[in-house]
Amino acid sequence: DVPSSTRGAPRAASAWPSEDLPSRLPIAPVLGRIVRSEDFERLMAQPAHARSTHFTVHFAGGTPSRAMGRKGPPRRPSNAQRDKLSTISEPTCQQPVDEMVALDQAQRSQARVWLGTVVPKRHARRAVTRNLIKRQIRGAAQRLEARMQPLAPGLWLVRLRAPFDRAAFASAASAALMHEARRELDALLLQCRNRHPVAGASAPR
């Protein structure tokens with residue numbers, strides 16, 4: 001039997017780190033997310049970097065503008081800016097300001113590529129369609145990273161510039177629409193990646 005005096009004794013600290021410690025730590029995504037209207041406006045002002053049948057890609061070097069804490073003065077967009085951003089599907093984050101600042105700092109510590117999506121309602125009227133397209137845009141960039149063929153460092157914006165044919169894709173979120181968007185986006189982002197290959201990345205297969 002174990003002596004009662006040792007049952008309540010504290011366990012000695014292990015010299016080895018706990019195996020479950022990393023799961024409790026916040027991990028910044030390698031592929032950052034563009035959330036601020038200033039960055040969307042900056043990218044929309046850039047000429048088209050690449051085009052496909054339904055999408056346009058814009059690119060700018062550098063990093064996103066910094067999120068401001070509660071002490072920062074709020075910036076109210078002008079009427080022209082509000083009209084321009086009215087076609088963007090939720091470009092800003094709905095998180096509390098303090099959480100946005102923390103996420104901004106975490107992403108800056110690791111992310112080198114930031115991605116934004118613009119899916120105008122005039123090209124995709126149903127919310128389920130807009131969400132499907134945004135997921136496919138981000139998925140295409142993530143698949144490049146998984147193959148060790150990431151986009152060049154900087155800010156990337158993928159914009160839906162033309163609607164998918166409703167006669168060919170009657171359902172708002174059909175498997176056929178998902179596969180067609182995925183095929184087109186994979187080819188488009190691979191084209192962008194090949195125009196600006198990243199040193200040390202794997203060669204396209």
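User: Is Phe164 buried or exposed?
Analyst: Phe164 counts as buried because its relative accessibility is 9%, where buried means under 20% relative accessible area, exposed over 50% and partly exposed in between, with a 1.4 Å probe and protein chains only. This is a predicted model, in which local features need pLDDT of at least 70, side-chain atom pairs count only at pLDDT 80 or more, and totals for chains, interfaces and linings use all residues. Residues are numbered from 1 along each chain as its sequence is written, and side-chain values use heavy atoms, leaving out hydrogens and water.

User: How many aromatic pairs are there in the whole structure?
Analyst: The search finds three, a pair being rings of Phe, Tyr or Trp (its six-membered ring) with centres within 6.5 Å, called stacked if the planes are under 30 degrees apart, edge-to-face if over 60 and tilted for the rest. Phe164 and Phe169 have ring centres 6.0 Å apart and planes at 85°, so this pair is edge-to-face.

User: And which residues form the aromatic cluster?
Analyst: Phe55, Phe164 and Phe169 form one cluster, and Phe169 is buried at 17%.

User: Which residues have the most contacts inside the largest nonpolar core?
Analyst: They are Phe55, Val57, Ile133, Trp156, Val158 and Phe164, in a core of 27 residues; such a core is a set of buried Ala, Val, Leu, Ile, Met, Phe, Trp, Tyr and Cys residues joined through side-chain atoms within 4.5 Å.

User: Changing topic, how far is Ala187 from Ser52 in space?
Analyst: Their C-alpha atoms lie 8.8 Å apart, although the two residues are 135 apart in sequence; Ala187 is partly exposed, at 45% relative accessibility.
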